[in-house]
Amino acid sequence: MLIRPTFLYDISFQMSYLALLGILFFYPRFNRWTGVQRTTIRLRRWRKKARGIRYFPAAFLCNLFVFMTGAILIGLSAQIMVAPLVGWAFGRIPLISLLLNPFIMLVITWLMVAGFSYLILATVPGLGWLAGVIMKWLLERQNRWVELIAGLPGASIERVHYALPVLFALYCGMGLVMAAIKYIEERQQQPEPSHVQPFA
């Protein structure tokens with residue numbers, strides 16, 4: 001931003017920070033509101049108590065639940081904040097991305113492993129090339145799946161058109177809703193005032 005302040009007007013810059021804001025604000029609340037947090041705590045207790053051969057299915061189910069719910073709730077949290085901007089800029093709002101998020105997050109994890117391996121092993125003959133091939137294969141599969149699923153009917157809301165003042169009003173409304181949620185939470189966390197009996 002200091003070097004190129006015009007990044008503030010870049011759509012990808014705006015989407016990145018809006019998505020981050022959505023994740024920071026909505027994700028922990030969705031975790032609590034949907035009961036995911038309580039279920040995760042119970043599964044982790046079950047995994048901790050499991051002994052012997054029972055530990056592996058308990059650990060698998062716990063990790064799978066945490067990964068799937070985390071991917072869906074993170075995607076939903078980000079999409080809430082980004083959707084108005086995407087609709088205004090591109091004329092469509094994707095809906096299928098919530099189902100794609102677990103798959104994409106899994107692929108991105110392996111892409112990061114392959115990318116770091118490529119950087120570390122780039123000077124080693126054969127190994128750097130292999131890491132690059134794996135990374136390219138993962139990227140191609142990810143893009144192919146995204147294109148295939150994005151082409152399904154009902155994958156997005158098409159022909160979304162509204163003016164810049166409407167976009168501004170949408171985000172003002174979202175800001176008011178977020179402020180109201182925060183205010184209600186703070187009121188609920190405040191201790192009840194203790195009634196002091198007057199001296200006789």
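The model is predicted, so local features need pLDDT of at least 70 and side-chain atom pairs count only at pLDDT 80 or more, while totals for chains, interfaces and linings use all residues. Residues are numbered from 1 along each chain as its sequence is written, and side-chain values use heavy atoms, with hydrogens and water left out.

Taking a salt bridge as a side-chain nitrogen of Lys or Arg within 4 Å of a carboxyl oxygen of Asp or Glu, the count comes to 3. R29 pairs with E185 at 2.8 Å, N to O. Since R29 sits in helix α1 and E185 in helix α6, this pair ties together parts that are 156 residues apart in sequence (helices are DSSP runs of H or I, at least four residues; strands are runs of E, at least two; both are numbered from the N terminus). R29 is buried at 7% relative accessibility, and E185 is buried too, at 14% (buried means under 20% relative accessible area, exposed over 50%, partly exposed in between, with a 1.4 Å probe and protein chains only). R32 also bridges to E185, with the closest N and O atoms 3.1 Å apart, but R32 is partly exposed at 37%.

As for the nonpolar core (buried Ala, Val, Leu, Ile, Met, Phe, Trp, Tyr and Cys residues joined through side-chain atoms within 4.5 Å), the largest one has 17 residues, and L18, F26, M81 and Y171 have the most contacts inside it. Helices α1 (11-33), α3 (55-90) and α6 (164-189) each give two or more residues to this core. Its largest share, 6 residues, comes from α3.
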